[in-house]
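Open the model in your viewer and follow the stops below. Each one says what to select and what is there.

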Amino acid sequence: MSYDPKSLKAEDFINHEEILETLEYAEKNKHNRELIEEILEKARKTKRGVECAGLSHRDASVLLACDIPELTEKMYDLAREIKEAFYGNRIVMFAPLYLSNYCVNKCVYCPYHYQNKEIPRKKLTQEEVKNEVIALQDMGHKRLAIESGEDPVNNPIEYILECINTIYSIKHKNGAIRRVNVNIAATTVENYKKLHDAGIGTYILFQETYHKESYEKLHPAGPKHNYDYHTEAMDRAMEGGIDDVGLGVLFGLEMYRYEFAGLLMHAEHLEAVHGVGPHTISVPRIKRASDIDPSVFDNGISDDIFAKIIACIRIAVPYTGMIISTRESEECRAKVMGLGISQISGGSRTSVGGYAGYSPEERPHDTEQFDVSDQRSLDEVVRWLMEKGYIPSFCTACYREGRTGDRFMALCKVGQIQNCCHPNALMTLQEFLTDYASEETKRIGEELIAREILNVPDEKRRQRAIDYLSEIKNEGKRDFRF
Ligand code: SF4
Ligand code: SF4
């Protein structure tokens, strides 16, 4: 067995020996200033001010290992520069929607594991899905990530497809869910084809840990125990026609440097085999929940290390969106946002049926998957982002225009982002302000839009966006996009 990013076998593309050698190389060079400066230079913007080369897992691991404060600052500066070039000050908003917590797996870090008798089991009916979606639309959400445990009897693929269909069919007031991302267990090519045909956005599957031995211990029973089947899932998803896939590890389970190298090797593998890297990378950290105490996992990471991981991912894979959830506190989110995060959840509930029928202050805990640290409403998160100088975006234009996979990368590479994402973000924000925001949020938002619209470089496009904004505000029109 040797490292081969083009192989379709998990043990070749997430090659354990290669990761160990990488970690050794990183440790040996963590104070090698010359090399680190060289790596940073390599990763810096190149052609026409927008293209970035990215980094290999080896180079990126050296950056992560380096603990020289002044070089760490340089990494942060570069991460901010790259984030600014590709994502500007926009942050895309989404919310999770939990469909069912029935699960046949025994993941030791998750309260939905089948042996947890303390947690009530619940699966939404289509009527309940509808109510949840209406509640989410009433908050202003346009983009959802559906979540479900693995249970072929209670949550078969037909159930998931039916839910997706229900979600897309609901048009409530001025609202509609325009993109449904799916986070369900690893499955077959045939089922991925069905998800693709149902019009899903990104297929998200967290690896949890790339360390095979730990993986098997952390998943002692159930279909998820099979490391290879799980690790090779993204190849099957892509074979099934899904262009956008989202990777992630649960930081805190294994040594973070190991996970980091594995994550980047996975990204390199997708690029080598399918010609397109992951659409997103999520960076969850393990949290307290029913029957789960995170302190029993001794690989927890501090906020500082967490920030460094985010900056190094941003530098290594500049075209990949990065997602942070409400697992993280307001303080932590504020700290890492500028280092490369492009998407955050807002107003989230991590329980099955957690939205409909509850006021913003009420929060059902009985079926929660994990504690939500950031408990603010979507309106509050949107206002907070704007006060920090970010543009909350509800844009789903690429998905709706068929710009997925490598076509999305092409948009980045030709530098059209500022003419496309920027006005789209502002127009979708205007929809949010008009339809859902509180007076104060609206006031702050409209001032921000008036300032930011001037930053659309192309004059014609800028004028069109100004006209569309007026039509959204004054004529009740919706869903403009570039
Ligand atoms: S992490 Fe997913 S597969 Fe594992 S127990 Fe929880 S819901 Fe089930
Ligand atoms: S235009 Fe595409 S890449 Fe830009 S924010 Fe919208 S969906 Fe994302």
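Start at the ligand. The shell around ligand 1 divides into 5 nonpolar, 3 polar and 2 charged residues (Ala, Val, Leu, Ile, Met, Phe, Trp, Tyr, Cys and Pro count as nonpolar, Asp, Glu, Lys and Arg as charged, the others, Gly among them, as polar). Select C103, N105, C107, C110, Y112, H113, G149, E150, A185 and K224 to show this shell; a residue is near a molecule if its C-beta atom, placed from the backbone, lies within 6 Å of it.

This is a predicted model: local features need pLDDT of at least 70, side-chain atom pairs count only at pLDDT 80 or more, and totals for chains, interfaces and linings use all residues. Residues are numbered from 1 along each chain as its sequence is written, while chains are lettered from A and ligands numbered from 1 in the order in which they are written.

Next, select residues 303-316. This is helix α13, with 14 residues (helices are DSSP runs of H or I, at least four residues, and strands runs of E, at least two, numbered from the N terminus). From first C-alpha to last, α13 reaches 20 Å, close to the 20 Å expected at 1.5 Å a residue (1.5 Å times one less than the number of residues).

Is α13 mostly covered or mostly uncovered? Mostly covered: 11 of its 14 residues are buried (20 or more other C-beta atoms within 10 Å of a residue's own, C-beta atoms being placed from the backbone). Among them are F306, I310 and R314.

Now zoom out. Of the 482 residues of the protein chain, 51% count as buried. The C-alpha atoms fill a box of roughly 65 × 55 × 40 Å along the principal axes.

Definitions and conventions. Buried ≥ 20, exposed ≤ 12 C-beta atoms within 10 Å, placed from the backbone.
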